[in-house]
Amino acid sequence: MVNSLADKKQSASTKTPSSESLLTPRFYTTDFDEMANLDISSNLDEIKSIIEEFRIDYNQHHFIRDKEFSKSWEGFDNKTKTLFIEFLERSCTAEFSGFLLYKELSRNLKQKNPILAEGFAFMSRDEARHAGFLNKAMSDFNLTLDLGFLTKSRKYTFFSPKFIIYATFLSEKIGYWRYITIYRHLEKKS
């Protein structure tokens, strides 16, 4: 039995990525020039407000492992444990994918569209925070994802700039709903 966090780190093994399927999170690229030239003039005030909220960083304390996470998952039966680990892996991969895309958008837009670049930089920060939290949660099962390996081994899928905006909105809404639902379920079972 693992007794401490240090012992967990030493005994954690790198999880082999699940085989790819239709539901496997993808890694994306886009047309950076098209995104940089996106006409945001009619929504500039809203975008500035969103960026100010990102700057304030209301969520900076939401993805921290506190005493609620110092419990044992030994009560999970094998099927539940396997499904939960798969959920953590897919969620971590999806968040890391978002981090990479938003980081590249931020870098590529910095000169041509600084306001969008700043927004994507904040989004990248948040996605990295989420991916780190989820990967750390996998250490409770003595596993970790090699995110660097995923970066090199996954194929990148082209995603049109206009769909990035829609998909990001939907992803955030669905993601938060999913995490809140799982949290409430686990809270009832504690």
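Predicted model: local features only at pLDDT ≥ 70, side-chain atom pairs only at ≥ 80, totals over all residues.
The chain has 190 residues, and 35% of them count as buried.

**Largest pocket**

- The volume of the largest pocket is about 1,100 Å³.
- Its lining is made up of 34 residues. Those nearest the centre of the pocket are I50, F54, M123, T168 and F169.
- Helices α3 (44–56), α5 (114–138) and α7 (161–189) each contribute at least two residues to this lining.
- Among the contributors to the lining, α5 gives the most, with 10 residues.
- Sorted by class, the lining residues of the largest pocket are 18 nonpolar, 10 charged and 6 polar.

**Nonpolar surface patch**

- A nonpolar patch on the surface is formed by F169, L170, I174 and W177. Together these four residues have about 490 Å² of accessible area.
- F169 of this patch is also one of the residues nearest the centre of the largest pocket.
- W177 belongs to helix α7. Its relative accessible area is 58%, and because the cut-off for exposed is over 50%, W177 counts as exposed.

**Salt bridges between separate parts of the chain**

- The structure contains 9 salt bridges.
- One of them pairs D33 with K112, with 2.8 Å between the closest N and O atoms. D33 sits in helix α2 (residues 32–36) and K112 in the loop between α4 and α5, so this pair ties together parts of the chain 79 residues apart in sequence.
- R55 forms a salt bridge with E118, and the closest N and O atoms are 2.3 Å apart. This pair also links distant parts of the chain, since R55 is in helix α3 and E118 is in helix α5, 63 residues apart.
- R55 is partly exposed, with a relative accessible area of 41%. E118 is partly exposed as well, with 29%.
- The two helices joined by the R55 and E118 bridge, α3 and α5, both supply residues to the lining of the largest pocket.

- R107 and E104 form a salt bridge in which the closest N and O atoms are 2.6 Å apart.
- Both residues are in helix α4, where they are 3 residues apart, about one turn of the helix.
- R107 is exposed, with 52% relative accessible area, while E104 is partly exposed at 33%.

**Salt-bridge network and D57**

- A network of salt bridges links D57, R125, D126 and R129.
- D57 is located in the loop between α3 and α4.
- The relative accessibility of D57 is 11%, and because buried means under 20%, D57 counts as buried.
- D57 is not a glycine, yet its phi is positive, at about 65 degrees.

**N142**

- N142 also has a positive phi, near 60 degrees, in a residue other than glycine.
- N142 lies in the loop between α5 and β3 (143–144).
- N142 counts as partly exposed, at 25% relative accessibility, whereas D57 counts as buried.

- E89 is part of helix α4 (residues 78–109).
- With a relative accessibility of 3%, E89 counts as buried.
- The C-alpha atom of E89 is 9.8 Å from that of A137, and the two residues are 48 apart along the chain.

Technical notes. Residues numbered from 1 in each chain as written. Heavy atoms only, no water. 1 Å grid on protein atoms, 1.4 Å probe; cavity = no way out; pocket = protein on both sides within 12 Å on 5 of 7 lines; lining within 4 Å. Points joined across faces, edges and corners; volume = space filled by probe spheres on them. Helix = DSSP H or I, 4+ residues; strand = E, 2+ residues; numbered from the N terminus. Nonpolar A, V, L, I, M, F, W, Y, C, P; charged D, E, K, R; others polar. Buried < 20%, exposed > 50% of the residue type's maximum accessible area, 1.4 Å probe, protein only. Patch = residues over 30% accessible without salt bridge, like charges linked within 9 Å, V, L, I, M, F, W, Y side chains within 5 Å. Areas by Shrake-Rupley, 256 points an atom, 1.4 Å probe, with all protein chains shown as cover. Salt bridge = Lys/Arg side-chain N within 4 Å of Asp/Glu carboxyl O.
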